[in-house]
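Have the sequence and the 3D view ready.

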Amino acid sequence: MNPRNLDLRCYFVTGQGPDVVERAVEAAHGGAGVIQVRSKPISARELYSLSSAIAAKLPPESIVLIDDRVDIALALQSQGVHGVHLGQDDLDPREARRLLGPDAVIGLTTGTLELVRAANDLEGVIDYIGCGPFRDTPTKHSGREPIGLEGYPALVEASRLPMVAIGDVTVDDAYALAGTGVDGVAIVRGIMHADNPRAYCERVVAEFDRGRGALA
């Protein structure tokens, strides 16, 4: 169920680099429906400036989310930022919804059956869940065991919310992950390191659609 009809198929989580804004723009034009601005470790002011710069250049249909920081998402709501993605130790999603309002997009990190089931209790508060790690990744150490391709179907079945797979996902995984029933794949390094981010995202969307077609 995807009540907001979010396009989660290709979900770009930004990394660090001098060309992050340009890569976000190219990713969006290549089909990345959600851009999550995450560039750790940087200050709140730097994250504000980076997010503002990205939001200003993206096409109007793009969904821009801030990683963790509800305050920055709130400050940038009038500048094209749509919401926030929260971790398990961040502000309670109910408080984030109260602050950001009914139209904001709010995501929550999960990665175990217990966390997925707990997220179901937030149906109507959050819009989707991230679920990982798919495999171990150097960009974020969650402390959870990798889910692997075989682990997603049970999590998808348990969830009442749209699910995005994350954790060292590449374009080469999009077809198989789509076949597990997830609603999208989140990618960091693949897009950050791609010679052509737009073409990379186009491939992700095409492979994901191919995998969902095979699932049907």
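Start where strand S1 (residues 10-13) meets strand S8 (residues 184-187): 3 bridges join them, and they run parallel. Cys10 has Val185 in S8 as its bridge partner. This is a predicted model, in which local features need pLDDT of at least 70 and side-chain atom pairs count only at pLDDT 80 or more, while totals for chains, interfaces and linings use all residues. Residues are numbered from 1 along each chain as its sequence is written, and side-chain values use heavy atoms, with hydrogens and water left out.

Helices (H or I, at least four residues) and strands (E, at least two) are DSSP runs, numbered from the N terminus. Two strands pair if DSSP finds at least two bridges between them. Strands of a sheet pair through backbone hydrogen bonds, either parallel or antiparallel.

Now step back to the whole sheet. It is a closed barrel of 8 strands, running S1-S2-S3-S4-S5-S6-S7-S8 with parallel pairing. Its neighbouring strands are turned by 25° against each other on average, direction ignored. Helix H5 (residues 113-120) packs on the sheet. H5 touches strand S5 (105-110), strand S6 (128-131) and strand S7 (163-165). The direction of H5 makes about 155° with that of S5. Contact means heavy atoms within 4.5 Å. Axes are lines fitted to C-alpha atoms, for helices over the stretch in contact, and angles run from 0 to 180 degrees between N-to-C directions.

Why is S5 largely enclosed by the rest of the structure? Because 6 of the 6 residues of S5 are buried. Buried means under 20% relative accessible area, with exposed over 50% and partly exposed in between (1.4 Å probe, protein chains only). On one side of S5 sit Val105, Gly107 and Thr109, and on the other Ile106, Leu108 and Thr110.

S5 pairs in the parallel sense with strand S4 (residues 83-86), over 4 bridges. Leu86 stands opposite Leu108 in S5. From S4 the chain crosses through helix H4 (residues 93-100) to S5, in a right-handed β-α-β crossover. Right-handed means that, with the strands pointing away from the viewer, the path from the first strand over the helix to the second runs clockwise.

Move on to S6. S5 and S6 run parallel, joined by 4 bridges. Gly107 stands opposite Tyr128 in S6. The chain crosses from S5 through H5 to S6, and this β-α-β crossover is right-handed.

End at Ser52, in helix H2 (residues 44-57). Ser52 is buried, because its relative accessible area is 17%. Beyond its neighbours within four places in sequence, Ser52 is in contact with Leu76 and Gln79.
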